[in-house]
Amino acid sequence: MYKIAVIGGDGTGPEVTQEAVKALHAIQKKYALSFQFTSLDYNGTRHMETGKILSDDELEGLRQYDAILLGAIGHPDVKPGVLERGILLKIRFGLDQYINLRPVQLYENVETPLKNKGPKDINYIVVRENSGDLYTGKGHTENKGTDNEVAVEEMVYTYHQAKRCLIYAFEIAKNRRKGQAWANLSPEDIQKGYTAKLTLVVKSNVLSHVFGLWNRVYDELKPLYPTVKTDYIHVDACCIYMVESPERFDVIVTTNMFGDIITDLAAVTQGGMGISPGANINPEGVSMFEPIGGTAPDFTGKNQINPLAAIGSAQMMLTHFKEIEAAEALEAAMKKVIKKTKSMAAAKMGFGTTEIGDMIAQEIING
Ligand code: IPM
Ligand code: MN
């Protein structure tokens, strides 16, 4: 039995998470596994009512679960950053979820803004480092509010952080079969000499301290992964290729801030926030599964938001648990339901949020 903490969060977060839980209920009916869900109200509404954000005890409490399903965090009436830092980043950092995994896959029947690109072209995975960089909160301001104000935000990485992230990315690349972000290479693939490509995306032409380190560790690891082709591109050029020739990517590994930015661009190319899943992974600890999209306040409570990104995140959770049969069944259900939709955008799917969840559950049961 898997113990799952469910943090719906704010805005449309609870609505989409509920559909992910619905899908998992169907999965446990059909497959020999079971979940115990515990709903936790770590969100902006609780903060407004009680002043609480996320206490150290609550953070520690999360360690008892096998995984966390998270919707979205952020409240229109709370100063930006308070909840993001106090809940979301506190969990990511506190539980040392040092990998943020964001698969970029265009499914059949999903519209992409990229001209002449299809599901075969837009099919890669971004490994975003999730524990360092500009996100550590290190920095300071001098002479605040004066004409002489100086503001410093420090980009911090250790050798250890770069290395564990790059090893994770090399391992993904070593095992990844194109077309199935998660599946291992088949014996036929290996016979054909198939190898995946890993692309390091940073900016070492300008920021030589941090990215000099990343490049050195990358070079150090390359000989240990002889079957993985390697490539390097600067992050600005990466944005060009993600639009012009996404087919050149297989696995991208990048640092936290750049990863944040390029995965929003990537999400748009695969059909938008409604279909873009994600996972915050601590390979040795508790991981958290979270769609890339935010709280979408305009759609809150309207039953119009697309739950497929949250459902896809639940699929990533199943894969993380190595429940491959169940994960594949969930993805198959997603593909079938996507074929029936009009769009991935909120309010334009041709179905309501709960209907999409019902259809997914039905496909799992039928499948
Ligand atoms: C994301 C979000 C977060 C981030 C924010 C809400 C802190 O943009 O998950 O991509 O910057 O990582
Ligand atoms: Mn982001």
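Start at the interface of domain 1 and domain 2, where the rule finds one salt bridge (a side-chain nitrogen of Lys or Arg within 4 Å of a carboxyl oxygen of Asp or Glu). Select arginine 164 and aspartate 96, whose side chains meet in a salt bridge at 2.9 Å, N to O. This is a predicted model, in which local features need pLDDT of at least 70 and side-chain atom pairs count only at pLDDT 80 or more, while totals for chains, interfaces and linings use all residues. Residues are numbered from 1 along each chain as its sequence is written, chains are lettered from A and ligands numbered from 1 in the order in which they are written, and side-chain values use heavy atoms, with hydrogens and water left out.

Next, colour the two domains, whose bounds come from an automatic or database domain assignment: domain 1 covers 1–98 + 276–367, and domain 2 covers 112–270. Their C-alpha centres lie 24 Å apart, and the contact (heavy atoms within 4.5 Å) takes 17 residues from domain 1 and 17 residues from domain 2. Between them the domains bury about 1400 Å², 56% of it on carbon and sulfur atoms, where buried area is the accessible area (1.4 Å probe) that two parts lose on being put together, summed over both. Now show Phe93, Tyr98 and Ile292, which supply 39% of the area that domain 1 buries against domain 2, more than any other three residues.

Between the domains, the count is five residue pairs in polar contact, both residues at pLDDT 80 or more; a polar contact is a pair of N or O atoms within 3.5 Å, and within protein one must be able to donate a hydrogen and the other to accept it, residues adjacent in sequence counting only if both atoms are side-chain atoms. On the side of domain 1 that touches domain 2, helix H4 (82–94), strand S11 (279–281) and helix H10 (308–320) each supply at least two residues, with helices (H or I, at least four residues) and strands (E, at least two) taken as DSSP runs numbered from the N terminus. The largest share of that side, four residues, comes from H4.

Move to ligand 1 and select the residues that surround it (a heavy atom within 4 Å): Glu84, Leu88, Arg92, Arg102, Arg128, Tyr135 and Asp260. A polar side-chain atom of tyrosine 135 lies 2.6 Å from an oxygen atom of ligand 1. For arginine 102, a side-chain N or O atom is 2.9 Å from an oxygen atom of ligand 1.

Finally, select aspartate 358 and lysine 22, whose side chains meet in a salt bridge at 2.7 Å, N to O. This pair links helix H12 (residues 353–366), which holds aspartate 358, to helix H1 (residues 13–30), which holds lysine 22, 336 residues apart.
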